[in-house]
Amino acid sequence: MKPVLEGTVALVTGASSGIGAATAAALATQGAAVALAARRRDRLDTLATEIRDQGGTALVLECDVTDQQQADAAVQRTVTELGRLDTLINNAGVMLLGPAARAPLSEWQQMVELNVLGLLYCAHAALPHLQRAAGEEPRQVADMVNLSSVAGRFARNGNGVYALTKFGVGAFSESLRQELAGQYVRVSLVEPGATATELATHNRPEVLAAIRNQFGQRMEASDIADAISYIVTRPRHVAVNEILIRPTEQER
């Protein structure tokens, strides 16, 4: 059977590890040529080799999407070198937790710059290409999948700015979904709960020690990649607008 995404191109941000890497591999398995965007070139090269060894096509894009010019260039290189852009996975993000009082302001700025501005830069650059792909074969539909979090639904003590950024991603996604629905550009929101990735490890040591016991059962990155793969392989007339996905034992 012909792979569902054969003949299409996907750009995945934050592809050097975790959900991004797992998603890129999953989409390649579905037949998409994948552009891998992140700052860590060595990890991207390793992932690209793995995809190519399985018969797939991968383009390495070493970039920092918080820089508008680099985000624009990543999209343009994808289209120039792979021929088109059908799917954008806005996955790059950072989660820096802890009390607001005396928090380093730089952490708040970092979350806004990556979780919000980086996503917006990529979305803005990609939109014309997604609109074009939605009017063309082989699928006549295009996808933007924005990664949020359970924190985009429920703010908790200690995650105020992180939740702020993820609530914003949800609002932007829903507005854009309405705007583009008639053009067959599907905008979807994925909100993972606790997942075994590097995300929590970027916190300061004292914060990491305080939150360590908050994480019980966790999902694997491949579980989220599976959900994303499901979204973008639906037939043209089906749009999965939102998926909130938690480990079975996670209550909040």
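In the largest nonpolar core, which has 40 residues, the members touching the most others are Leu-11, Leu-61, Val-65, Leu-85, Leu-88, Leu-130 and Met-144. At least two residues of this core come from each of β1 (9–13), β2 (33–38), β3 (58–62), α3 (68–82), α4, β5, α5 and β6. Helix α4 is the top contributor, giving 8 residues. Besides this, there's a second, separate core of 33 residues, with Ala-21, Ala-24, Leu-44 and Ala-58 among them.

A nonpolar core here is a set of buried Ala, Val, Leu, Ile, Met, Phe, Trp, Tyr and Cys residues joined through side-chain atoms within 4.5 Å. Keep in mind that this is a predicted model, where local features need pLDDT of at least 70 and side-chain atom pairs count only at pLDDT 80 or more, while totals for chains, interfaces and linings use all residues. Residues are numbered from 1 along each chain as its sequence is written, and side-chain values use heavy atoms, with hydrogens and water left out.

**Overall build**

- The protein chain has 7 helices and 7 strands (DSSP runs numbered from the N terminus: helices are H or I with at least four residues, strands are E with at least two).
- Reading from the N terminus, the order of elements is β-α-β-α-β-α-β-α-β-α-β-α-α-β.
- Along the principal axes, the C-alpha atoms take up a box of roughly 50 × 40 × 35 Å.
- Take the contacts between residues at least 6 apart in sequence: 71% of them join residues at least 24 apart (contact means heavy atoms within 4.5 Å).

**Surface and charge**

- Of the 252 residues in the protein chain, 49% are buried (buried is under 20% relative accessible area, exposed is over 50%, and partly exposed is in between, using a 1.4 Å probe and protein chains only).
- The chain carries 23 positive and 27 negative charges, and their mean positions are 3 Å apart (Lys and Arg are positive, Asp and Glu negative, with His and the chain ends not counted; a charge sits at NZ of Lys, CZ of Arg, CG of Asp or CD of Glu).

- Leu-11 sits in strand β1 and counts as buried because its relative accessibility is 1%.
- Beyond its neighbours within four places in sequence, Leu-11 is in contact with Ala-35, Ala-37, Leu-61, Val-75, Thr-78, Leu-85, Thr-87, Leu-88 and Ile-89.
- Leu-61, with neighbours within four places in sequence again left aside, is in contact with Leu-11, Ala-35, Leu-36, Ala-37, Ala-38, Leu-44, Ala-74, Arg-77 and Thr-78.
- As background, nonpolar side chains tend to be buried together in soluble globular proteins.

- Leu-114 is part of helix α4, and its relative accessible area is 16%, so it's buried.
- Not counting residues up to four places away in sequence, Leu-114 touches Val-65, Thr-66, Ala-92, Gly-93, Val-94 and Leu-119.
- Leu-114 and Thr-165 are 51 residues apart along the chain, with 9.3 Å between their C-alpha atoms.
- Ser-175 belongs to helix α5 and is partly exposed, because its relative accessibility is 44%.
- Ser-175 and Ala-103 are 72 residues apart along the chain, and 32 Å separates their C-alpha atoms.

- For reference, most residues other than glycine have a negative phi, and most peptide bonds are trans.
- The Glu-137 to Pro-138 peptide bond is cis, with omega near 10°, and Pro-138 lies in the loop between α4 (105–133) and β5 (142–147).
- Gln-140, found in the loop between α4 and β5, isn't a glycine but has a positive phi, near 55°.
- Tyr-184 is another non-glycine residue with a positive phi, this one near 65°, and it lies in the loop between α5 (160–180) and β6 (185–192).
- Gln-140 is partly exposed, with a relative accessible area of 32%, and Tyr-184 is partly exposed too, with a relative accessible area of 32%.
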